[in-house]
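Biologist: Here is a model I would like to go through with you, term by term. Please set each label against its cut-off.

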Amino acid sequence: MKKEKNIITASPAETKKIGKKFGRKALSRKETFFLALYGNLGSGKTTFLKGFAEGIGVKEEVTSPTFLIYKKYKAEDEKNFYHFDAYRIEGKDLALLGFEKIVEEPKNIIATEWSENIEEKIPQKAVKIFFSFLSLKKRRLIVEDDGGIMNGSFL
Ligand SMILES: Nc1ncnc2c1ncn2[C@@H]1O[C@H](COP(=O)(O)OP(=O)(O)O)[C@@H](O)[C@H]1O
Ligand SMILES: [Mg+2]
């Protein structure tokens, strides 16, 4: 069943808080959790992921991996958090990074910024969030959860 949810946040803290809730949910999943983020520069993707990382128990500070393509962090329950930034790459570049293996491992939680650039590599079961800029402090988040992974419990 196709599920879609529209969220408007009025501050970075609010965006982080929603991210954290998604993180708690991701941690409870037994399979790979894949979160695909879309939207322009400054729309709040990294801010969201800072909260998300907190929710999955990452202790280090999450910073944008734009120049590194991805960063790996240790999360709770022996899970790994892979944070990709596809701003400078294309889908075909991911093969070199062992992307397929990363996506196959159930202990991995993966989030991709600039998913537009690697659309053909985004798994069908990914939870997708489309970010947009409304005003200085307001952002819109459209959540698409075709796999019903969030179980309608994400707010
Ligand atoms: N409601 C909001 N949600 C998220 N970020 C916000 C919000 N309001 C203002 N901001 C600011 O917008 C910027 C978002 O940047 P960032 O999260 O790095 O975006 P992206 O990763 O999409 O480029 C930050 O400077 C943040 O403080
Ligand atoms: Mg970013």
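Biologist: In which helix does Lys17 lie?

Modeller: Lys17 lies in helix H1. Helices (H or I, at least four residues) and strands (E, at least two) are DSSP runs, numbered from the N terminus. This is a predicted model, in which local features need pLDDT of at least 70 and side-chain atom pairs count only at pLDDT 80 or more, while totals for chains, interfaces and linings use all residues. Residues are numbered from 1 along each chain as its sequence is written, chains are lettered from A and ligands numbered from 1 in the order in which they are written, and side-chain values use heavy atoms, with hydrogens and water left out.

Biologist: Why is Lys17 called exposed?

Modeller: Buried means under 20% relative accessible area, exposed over 50%, and partly exposed in between (1.4 Å probe, protein chains only). Lys17 has a relative accessible area of 56%, so the label is exposed.

Biologist: What makes Ile69 partly exposed?

Modeller: Its relative accessibility is 23%, so Ile69 counts as partly exposed. Ile69 lies in the loop between H2 and strand S3 (70-74). Its phi is near 70°, a positive value in a residue other than glycine.

Biologist: Which other residue has a positive phi although it is not a glycine?

Modeller: Asp77, at about 55°; its place is in the loop between S3 and S4. Most residues other than glycine have a negative phi.

Biologist: Is Asn108 buried or exposed, and how do you know?

Modeller: Asn108 has a relative accessible area of 3%, so it is buried. Its place is in strand S5 (residues 108-113). Leaving aside neighbours within four places in sequence, Asn108 is in contact (heavy atoms within 4.5 Å) with Thr32, Phe33, Asn80, Tyr82 and Ile102.

Biologist: Why is H2 described as largely enclosed by the rest of the structure?

Modeller: Because 8 of the 11 residues of H2 are buried. They are Lys45, Thr46, Phe48, Leu49, Gly51, Phe52, Ala53 and Gly55. What covers them includes H1, S2, strand S4 (80-85), S5, S6 and S7.

Biologist: What makes a set of residues a nonpolar core?

Modeller: The set must consist of buried Ala, Val, Leu, Ile, Met, Phe, Trp, Tyr and Cys residues joined through side-chain atoms within 4.5 Å. The largest such core here has 27 residues, and those with the most contacts inside it are Phe22, Leu35, Phe48, Phe52 and Phe81. Helix H1 (12-27), strand S2 (33-38), helix H2 (45-55), S5, strand S6 (127-133) and strand S7 (139-144) each supply at least two residues of this core. Apart from it lies another core, of 15 residues, among them Phe34, Tyr38, Leu94 and Ile122.

Biologist: Which residues come nearest to ligand 1?

Modeller: Of the 17 residues around ligand 1 (a heavy atom within 4 Å), Thr15, Gly42, Lys45, Thr46 and Thr47 come nearest. H2 gives the largest share of this shell, 3 residues.

Biologist: How do you know that Glu113 makes a polar contact with ligand 1?

Modeller: A polar contact is a pair of N or O atoms within 3.5 Å; within protein, one must be able to donate a hydrogen and the other to accept it, and residues adjacent in sequence count only if both atoms are side-chain atoms. An oxygen atom of ligand 1 is 3.2 Å from an N or O atom in the side chain of Glu113, within that limit. An oxygen atom of the ligand is also 3.3 Å from a polar backbone atom of Ser43.
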